[in-house]
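Reader: Could you walk me through this model, one feature at a time? I'd like the general idea before each case.

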Amino acid sequence: MPNEPLVPNDLLRSLAHRLKGVDLAETVAYVVLSLGAAFAGSFATVFLVPLVQPGHPLLFGGSLFDAGGSVEIHVAIFAAATGTFALMRWQAARLGARLVGRYGMSLRRTVHARLIDAPLASLADSTSAEIANVLTYNVEIIVQGFSALQLLLVAGVTSAVSLGFAFWVSPPLMFGAPLLVGFGLIASRVFGHEQASVSRKYVADMTQLFWHSEDFPRRLRHVRSFEREDAEKASYGAISARLCHGYERQLELIASGRLLLELLAAIGIAVVFVLAHRWHGIDQPSLIAVCLLLGRVLPYMVSTRQSFQQLRSAAPAFELWQRYMRLDSVRLPVAPSCTATSVSTLHITRMRLRPPSTGLDVGDLVLVPGELTLVCGDSGIGKSSLVDVLAGMMIPEDFAARVGERQIDFDEYRALVRNGAYVSQNVRPWQHSVRECLLWAAPEASDEMLLSALMDVGLDNRLAGSRHGLDTTLHSSSSRLSGGELQRLLLAQVILRQPFLALLDEATSALDTASEIAVLSAIKHRLPQTILIVVSHRTSVAAIADQCLTIGNDRIRTATVKADSPHAAPLFGSSNRLKS
């Protein structure tokens, strides 16, 4: 995937493309409110002149800024203009906050949806820490960039209106405006490259910090067992120091840019005073009005500098977000799931897959609902890849199968096994309670069904000792479930799911041998219409398996079937050999 850095202009276009429909309409309303606030603020600023110099006529504006009338009337007009400015700016801020919130929500939803639908192969080089960063903190940086874009919009509108009023008040004095604009452009460009470099490093260091935060309790046990606490502290401290330096440097760059901008603004305003002194015919009220208007612009020039800094900080974060948005989608179209009532036996006649690097050829694999197939062998030899293909989550190089006498391709196979359940040893429930975890798998299940499934996997006694029952929390210190109990809970999800195909990839690794046999036997008994495939390093599971796929050290894959299996005879021929 391309990894080219985004320049601010590219980022602005990308941010703008994310605005559609209601968001675009509200953005227009935001611009209108900001423009109205700018006009009201400039009007109030100019109307300060007759209050500062009561009784002095204003040579600009005619009757609009008539110096006649009482001070009370002038104060009332000034208060009304200032109040209008404050209300419109407040409403614009509220609207802007809503836009920023929805923008962040959209970023998170779309990238998460893309990850959910992405091919497994496209995530092979992605670390879990980087993905966690993309889904969490990284989006916050992009949202700050979007907020900075709003501030830039307000600053631009306000500056344009204020300078327009100043030109109307005294055209001669505005000969200094190009100088001010030039100074502003210089200030916005200074330190730009360093800011982008610091921001890119900051995003990378934040990803490293996620590595130290992942699955912390298990990581802590590992660190302590090796007596590497000091090394872990040093590593975390080094990353924290880099983040500290990066954050400090970003603020220093902002402060330096602000200092430069303020110094240049001081020079620009001094030039205006020199012009006023040298240019005859410029009255004092006009000079006061222009200086007040330029004073309104100065804070926005400073915020503009900061907003550009935030946009540069958002660029690498947005680049990382876009990299994951470029992932393809493999989500299957909605189709009715095939069940055991319509499918009795699934016969995979030919299948070739990679990894492993040498490839794996599978031939004449018969999968029957109600039977258990054990896949065993050395680690890293291709078991998980085989299961990924059988689950329909990874596309093989070659595939042929049949259901009964009907030949099917891999797309038809994926539709067939869509009603499935895949549980890995590395999956830990993320829900809050036992009830939420089980209802996630079977939303319509009653409490009786939930308790029955828990009894099948031997977790009922554990909950009987908890006063919260099904509402027992999974991760709190007072009711935390052990690794084996969490695996039992996931297996209870499989029972409630009633899948056509269930794949358990080391899903009983945290159980002892006797418990593993008992739980797998219960699942097999409860799911007579389910094809059950179990990956395990324990050969004891073979005692309850109907057939075994064994991957040996000689890298030869062979299938053996129990003599009493209804499909034993065909598989004992030469075609039962699975080879690399």
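Predicted model: local features only at pLDDT ≥ 70, side-chain atom pairs only at ≥ 80, totals over all residues.

Reader: How many helices and strands does the protein chain have?

Author: Helices (H or I, at least four residues) and strands (E, at least two) are DSSP runs, numbered from the N terminus. Here the protein chain has 19 helices and 11 strands.

Reader: And what share of the residues is buried?

Author: Buried means under 20% relative accessible area, exposed means over 50%, and partly exposed is in between (1.4 Å probe, protein chains only). Of the 580 residues in the protein chain, 47% are buried. The accessible surface (Shrake-Rupley method, 1.4 Å probe; for residues, only the protein chains shown count as cover) comes to about 28400 Å², and carbon and sulfur atoms hold 60% of that. As for contacts (heavy atoms within 4.5 Å), take those between residues at least 6 apart in sequence: 77% of them join residues at least 24 apart.

Reader: Which residues have the most contacts inside the largest nonpolar core?

Author: In soluble globular proteins, nonpolar side chains tend to be buried together. A nonpolar core is a set of buried Ala, Val, Leu, Ile, Met, Phe, Trp, Tyr and Cys residues joined through side-chain atoms within 4.5 Å. The largest one has 42 residues, and Leu372, Val434, Leu438, Leu454, Leu489, Leu504 and Ile523 have the most contacts inside it. Elements giving two or more residues to this core include strand E3 (372–377), helix H14 (434–441), helix H17 (483–497) and helix H18 (513–526). Helix H17 gives the most, with 8 residues. Another core, of 30 residues, lies apart from this one, with Leu346, Val389, Tyr413 and Leu549 among them.

Reader: What does Leu489 touch?

Author: Leaving out residues up to four places away in sequence, Leu489 touches Pro429, Val434, Cys437, Leu438, Leu454, Leu459, Leu474 and Leu481.

Reader: How many disulfides does the structure hold?

Author: A disulfide is a pair of cysteine sulfur atoms within 2.5 Å. The structure holds 0 disulfides. Cys376 is in none, and its nearest cysteine sulfur, that of Cys548, is 6.0 Å away. That's too far for a bond. Cys376 counts as buried because its relative accessibility is 10%, and Cys548 is buried at 12%.

Reader: How many salt bridges does the structure hold?

Author: A salt bridge is a side-chain nitrogen of Lys or Arg within 4 Å of a carboxyl oxygen of Asp or Glu. The structure holds 14 of them. In one, Glu26 meets Arg98 (3.6 Å, N to O). Glu26 lies in helix H2 and Arg98 in helix H4 (residues 71–117), so the pair ties together parts that are 72 residues apart in sequence.

Reader: What about Arg323 and Glu130: are they buried or exposed?

Author: Their closest N and O atoms are 3.2 Å apart in a salt bridge. Arg323 lies in helix H11 (residues 284–325) and Glu130 in helix H5 (residues 128–135), so this pair ties together parts that are 193 residues apart in sequence. Arg323 counts as buried at 18% relative accessibility, and Glu130 is buried at 15%.

Reader: Which residues form a nonpolar patch on the surface?

Author: Patches are made of residues with over 30% relative accessible area and no salt bridge: like charges are joined within 9 Å, nonpolar side chains (Val, Leu, Ile, Met, Phe, Trp, Tyr) within 5 Å. Leu24, Val28 and Val32 form one, with about 260 Å² of accessible area together. Val32 sits in helix H2 (residues 22–46) and counts as exposed at 52% relative accessibility.

Definitions and conventions:
Residues numbered from 1 in each chain as written. Heavy atoms only, no water.
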